Amino acid sequence: MFCTNCGNKIDESTKFCGFCGAVVENEAQPDYQQSQPQQPQQPYYNQQQTQYQPQYNPQTQYQQQSQYNPQYSQPNPAKATSPIKANFLKNRKLIIISACVIAAVAIIAAAVFFFTSPHFRKAAPSERIVVPKAKTSQSAQDVVRELQEKGVETHLVKDFGGSKPGNFARYQNVKPGQVIHGNHVVTVVESKGPGIPEKGVIGKTVEEAAPLLKSMGVPVKVYTVASVHPGKIAATNPMPGEPLDENKEIFIGVGEEDKYPDSGRSVPVELFDKDKDEAYKMMSDEGFKVRLVPKYSSRKHLGKIVGSNLGLGQSHRGDTDITLYYGADASETKKMFTSKKYYSEYLTTVEVSTLTPFVGKWCTKSGDCLEFEIGHHTMEGPEENTDLLLRGPHAIEDIANDDKTQYYHSFGMWQFTQNLIGSAIKVYDNEKHNSLPMQNTLLFGDTGMVDIFRDGGDPYCGNEIYTLPAGSCINGKFVSYEDLDKNPLYSSYGPSYEKIPGGNKGITYRMRAYFVLVPVNAKLDELEASGFFKGKGKTKPDMDRPFILRRDPKYYSKSEQIVNAKNGDMTHNPFVPTEFNKPVPFAPAPDDSNVYYLVEKPFDWISFIQDREL
């Protein structure tokens, strides 16, 4: 049966509705209600004299009675619960029930956790406990739990170790099997994989550091180096606090006595990371003629020695000149790449004199690397060199088809020009220069960044690099001027070879290798806002480290353009900065995942003498 008040289904034997509380009627009730005495009909009076009284109606009389007597209750259309209200009441009950169930589950879960989780007691200070002999195959958390079950307070740290990351590496302040008291706090080391820990190696003897180094599970080679602390470990590779590199082995440099105390000079490894002015004084006092030269470095090494020539840790007989390289940022970019040149009393320029700041190894976090090296040495010295070569997997990916095995294609900042001031960023000659060949390069601006590109942006003749002073391109085939002069079909055109039928045809500009060097404190945000890049990266690179950006043609729908060389003008390369245009927007945009960070290696381990292997 159903409640006549709220409409919900109820048991026939119940007397009150469990949903709304109304009295439940039985089937005989309507007959009883109809047998109730009826009131006589009231006369109608003037409304001004008395209240209006409705005429007698048995149903009305019943409704009036049922308002005061529960036994006369029956469905009242005026007061019956609406479907919306009924649903609300029903949902409210469900919500209350659900809340009760959730609370019960939480209480049960808490009880289960309480009764099943280990409860670690605190050992008494005088209690003697044996440190367990943990294995590197165990997780560090398991070792911590085992100690806590013995009542030992623990401290967990992460450092390099021979076990896989997350596993137990070693105890830092106790030894396995050692008996300690209950108030001793044990430090458990969780492995980060092989590397050189910040502490425990530098300044130790080989015998002292050997157990820790051997625990890394990789070969350990011992070298002798010049040091102010003979017999102590003074240098390592990788550096302290760094993981194992691609060599998959560890080098340690142990200090030795000066090889040439009377006739030679030593450059101690301790110069590394020393303040440049202190290092200058130290080496000057040793009798060296010292020169300080800036070199890009991470922020933590700015103003400190990051390398030298003569090399750090080396001893030399009779050498008295030394170059000390100190960490530099974007504020010294122009100083690093340019120098003043005096052509005459009427002409002085500031022009690019070297590209050596690019030299070194630069790698992405995924392991993709670029390796730049100088192409040839000049009489002016290693810093005066504009011939830069690229090694590694990206060295020849943009070389012409017939030159796949050649590496002589170098990099530069400007297009080929016979202009004396072609590589200048400033000219002092009392003349006004409306434009300069390098005016659209990054070095010309003030962002502190530098861009370089392959072969001066030369075009292609067919599939061969087209070097303009060497010959002419006829229908996509390069012909040298010597061959043109010998060929009777062409000799009559000399020197106007561009008038030869098919001359200057088949020439194209191709998108080739193009790099941007971004030092610490460079104005990268400003360059991004200028529209230099195509799109925007998701994760900002680490601006505390210098890095290189590599343009990738796969981000472009068009990477080749036919040269309009009607008048022999082939200087409007859209893919590189020229005197007339900026390059097409650079892609991909800088992102932590695609930049090539500088790999900082202050020591030349090949120049050291290997003593032994642990």
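Start by selecting Cys-461 and Cys-473: a disulfide joins them, with 2.2 Å from S to S. Keep in mind that you're looking at a predicted model. Now colour by secondary structure. Cys-461 sits in strand E22 (residues 460-461) and Cys-473 in strand E24 (residues 471-474), so the pair, twelve residues apart, links distant parts of the chain.

Next, jump to Cys-363 and Cys-369. Here the sulfur atoms are 2.0 Å apart, and the two residues form a disulfide. The link of Cys-363 and Cys-369 is right-handed as well, at 105 degrees about the S-S bond. Are these two cysteines buried or exposed? Buried means under 20% relative accessible area. Cys-363 comes in at 13%, so it counts as buried. Cys-369, at 15%, therefore counts as buried too.

Zoom out for the tally: the count comes to two disulfides. Number the bonded cysteines of the chain in sequence order and the pairing reads 1-2, 3-4.

For a last stop, select Cys-100. Its relative accessibility is 49%, so Cys-100 counts as partly exposed; the exposed label would need over 50%.

Notes
Residues are numbered from 1 along each chain as its sequence is written. This is a predicted model: local features need pLDDT of at least 70, side-chain atom pairs count only at pLDDT 80 or more; totals for chains, interfaces and linings use all residues. Side-chain values use heavy atoms; hydrogens and water are left out. A disulfide is a pair of cysteine sulfur atoms within 2.5 Å. Buried means under 20% relative accessible area, exposed over 50%, partly exposed in between (1.4 Å probe, protein chains only). Helices (H or I, at least four residues) and strands (E, at least two) are DSSP runs, numbered from the N terminus.
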